[in-house]
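Please read these notes with the model open beside them. They are numbered so that each point can be checked in turn.

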Amino acid sequence: MNYLLTGTTGYIGKHLLADLLNAGHRVSVIVRTKQGQSRSRILEALAPFGLSNQQTSQQYLSVYSGDISQPLCGLDTQAQTLLTATAFDGFLHCAGLTRFEEHMAQTLQCNNVQGVKNAYALSQRLDIDHFHHISTAYVRGTYKKLFDSANLECGQGFNNPYEASKFDAEC
């Protein structure tokens, strides 16, 4: 199978990526470039999993520089063209920002809310039928009773801007 994945340098994303590669799937990832590095950031995140060079080769792992806070995840035209030519079985969106400070509220909204919208728009542009958004139990906020997806909006408050941003992304 063939997947497009975001959030691969984060805890859940790198575990999911390692599992997909171990299972023999092909994975294209979108990662922010830091200090001119993108593929090396992914390989560094995968290092603890002991994957073979074959499993992390370009045959199985394609790396694209992007940013979920930007329209179409900040992919350039060439990347969009390459991804359009790929038949994906699913888009797995794990990217987000985990910070709890009040001064980060706007940045959290940009990454955790607009990032989901941008990733979903990209999945539509690439004609990917299955979009999976990995969220968090923190959408529960201050609600103290039994909680599940059927009662997402239950009048809860939030302890910090991270919880609020994740809730907004779910709505």
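1. Ser28 counts as buried, at 5% relative accessibility. Buried means under 20% relative accessible area, exposed means over 50%, and partly exposed lies in between, using a 1.4 Å probe and protein chains only. Ser28 sits in strand 2. Its contacts, leaving aside neighbours within four places in sequence, are Tyr3, Leu4, Leu5, Ser62, Tyr64, Leu83 and Phe88. Contact here means heavy atoms within 4.5 Å.

2. A word on the source: this is a predicted model, where local features need pLDDT of at least 70 and side-chain atom pairs count only at pLDDT 80 or more, while totals for chains, interfaces and linings use all residues. Residues are numbered from 1 along each chain as its sequence is written, and side-chain values use heavy atoms, with hydrogens and water left out.

3. Strands (E, at least two residues) and helices (H or I, at least four) are DSSP runs, numbered from the N terminus. Two strands pair if DSSP finds at least two bridges between them. In general, strands of a sheet pair through backbone hydrogen bonds, either parallel or antiparallel.

4. How many bridges join strand 2 to strand 3? Five bridges link strand 2 (residues 26-31) and strand 3 (residues 61-65), and the two run parallel. Ile30 has Tyr64 as its bridge partner in strand 3. Val31 stands opposite Ser65 in strand 3.

5. Strand 2, helix 2 (residues 39-46) and strand 3 form a right-handed β-α-β unit. Right-handed means that, with the strands pointing away from the viewer, the path from the first strand over the helix to the second runs clockwise. Axes are lines fitted to C-alpha atoms, for helices over the stretch in contact, and angles run from 0 to 180 degrees between N-to-C directions.

6. Helix 1 and helix 2 pack at about 85 degrees, with their axes 9 Å apart. That makes helix 1 roughly perpendicular to helix 2, a term for angles of 65 to 115 degrees; under 35 is roughly parallel, over 145 roughly antiparallel, and the rest oblique. Helix 1 brings Lys14, Leu17, Ala18 and Leu21 to the contact, and helix 2 brings Ile42, Ala45 and Leu46.

7. Asn22 belongs to helix 1 (residues 11-22). Is Asn22 buried or partly exposed? Asn22 is partly exposed, with a relative accessible area of 47%. Asn22 touches Leu51 and Gln55, not counting residues up to four places away in sequence. Its C-alpha atom is 9.6 Å from that of Thr56, 34 residues apart along the chain.

8. Val113 lies in helix 4 (residues 105-125). Val113 counts as buried, at 10% relative accessibility. Beyond four places in sequence, Val113 touches Leu108, Ser165, Asp168 and Ala169. Val113 and Asp168 are 55 residues apart in sequence, yet 6.3 Å apart in space, C-alpha to C-alpha.

9. Last, the charged side chains. The count is one salt bridge, defined as a side-chain nitrogen of Lys or Arg within 4 Å of a carboxyl oxygen of Asp or Glu. Arg99 and Glu101 form a salt bridge at 3.0 Å, N to O. Arg99 is partly exposed, at 33% relative accessible area. Glu101 is also partly exposed, at 32%.
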